[in-house]
Amino acid sequence: MEHLQTQGISLPRLGLGTFRMQGDICRAAVESALGLGYRHIDTAEMYGNEDAVGAAIATSGIPRKELHITTKVWHENLAPDAIRRAFDGSLNRLRLDHVDLYLVHWPSRNMNLPAIFETLLKLKQEGRTRAIGVANFNLALLKTAVEQIKAPIACNQVEYHVMLDQTKVAKYLAAKSIPLVAYAPLAQGRAASDETLISIGRKHGASAAQVALKWLLDQDSVAAIPKTSRAESQRANLDALKLKLDDEDRKAIAALPKDKRLVNPGFALGWD
């Protein structure tokens, strides 16, 4: 598994997303993924499944140092004291003494970014999270965090797939050597039925979803966290790493419409 190096951590390029997975289904999905060789698991306090993720980790027998665990603070908990309470809760539910990456899940209208990052940095200095980062930050917010506050951001996690253009954010992150972590990388299942991707996949003996995933992972400084509870889909996503797309494939994918934002950022700030 290829890794991205960022702010002192080693981030596996392919991880397991767990949004909308709950209870025993979530636990079984994480156990399955870990058994197949996944080492990057993504969760959040808002998902309501940190306890299930923690239970799967606890029974896996995998040394903690081999795992990368990301969780996130919800946008309603961005005051310094609330961040600490949220973090403590996440750590307890995950049954861990530290996480590898702690993210601001969504921006909020009245957030105090300097105070947020001061609190996150303290958690990092205390060794309770190895790195800090953000999710769903647009270009303006990224510039504020990176250039004005000079926060050591290890990633920006955003919706990104073959049907959505993220060029502006991706170029800025790449210029600052900050990875982009793509959620909904298979366009919430839509990639699997796209005729262009099906055609490319047929040429390579692969599925349309594998083509869409490899297109993302072929990009410098991009990681992806597809969500699936099915072992066969988890295995297929791993197998996508072996796929070799050519220039003709990339040209065909570039020609696809790139205007399908699937996650409604209704409470986020000033989207581009």
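Predicted model: local features only at pLDDT ≥ 70, side-chain atom pairs only at ≥ 80, totals over all residues.

Student: Fine. How many helices and strands are in the chain?

Tutor: The chain has ten helices and ten strands. Both are DSSP runs numbered from the N terminus: helices are H or I with at least four residues, strands are E with at least two.

Student: And what is the radius of gyration of the chain?

Tutor: It's 18 Å, close to the 19 Å that the globule rule gives for 272 residues, so the chain is as compact as a globular protein of that length. The radius is taken over C-alpha atoms, and the rule is 2.2 Å times the number of residues to the power 0.38. Along its principal axes, the C-alpha trace spans about 55 × 40 × 30 Å.

Student: What share of the residues is buried?

Tutor: Buried residues make up 54% of the 272. Buried means under 20% relative accessible area, exposed is over 50%, and partly exposed is in between (1.4 Å probe, protein chains only).

Student: Let's go to α2. Which of its residues are buried?

Tutor: E50, A52, V53, G54, A55, A56 and I57. They pack against α1 (23-36), β4 (40-42), β5 and α3. Just after α2, G61 takes a positive phi of about 75°.

Student: At what angle do α2 and α3 cross?

Tutor: Roughly 40°, with the axes of α2 (residues 50-60) and α3 (residues 80-94) coming within 7 Å. Those axes are lines fitted to C-alpha atoms over the stretch in contact, and angles run from 0 to 180 degrees between N-to-C directions. The two helices are therefore oblique to each other. As for the labels, under 35 degrees is roughly parallel, over 145 roughly antiparallel, 65 to 115 roughly perpendicular, and the rest oblique.

Student: Which residues meet there?

Tutor: E50, D51, V53 and G54 in α2 meet S90, R93 and L94 in α3; contact here means heavy atoms within 4.5 Å. By class, this contact has two nonpolar, two polar and three charged residues. Nonpolar covers Ala, Val, Leu, Ile, Met, Phe, Trp, Tyr, Cys and Pro, charged covers Asp, Glu, Lys and Arg, and the others, Gly among them, are polar.

Student: What about α7 and α10, how do they cross?

Tutor: The axes of α7 (residues 195-204) and α10 (residues 247-254) come within 10 Å and cross at roughly 170°. That makes α7 roughly antiparallel to α10. T196, L197, I200, K203 and H204 in α7 meet E248, D249, A252 and I253 in α10. This contact holds four nonpolar, two polar and three charged residues.

Student: Switching topic: how many disulfides are there?

Tutor: Zero, from a search of the whole structure; a disulfide is a pair of cysteine sulfur atoms within 2.5 Å. For C26, the nearest cysteine sulfur is that of C155, 19 Å away. C26 counts as buried at 0% relative accessibility, and C155 is buried too, at 1%.

Student: Back to β5. Is T71 buried or exposed?

Tutor: T71 counts as buried, at 0% relative accessibility. The residue lies in strand β5 (residues 68-73). Leaving aside neighbours within four places in sequence, T71 contacts a list of residues including E50, S90 and L94.

Student: And L164, where is that?

Tutor: L164 is in the loop between β8 (153-159) and α6, and is buried at 5%. Its C-alpha is 5.3 Å from that of K260, 96 residues apart along the chain. Not counting residues up to four places away, L164 touches E159, K258, K260 and R261.

Student: Last one: what is phi at S177?

Tutor: About 55°, a positive value although S177 is not a glycine. S177 sits in the loop between α6 (167-175) and β9 (180-183) and counts as exposed at 56%. Q188 also has a positive phi, near 50°; Q188 is in the loop between β9 and α7 and counts as partly exposed at 42%.

Conventions:
Residues numbered from 1 in each chain as written. Heavy atoms only, no water.
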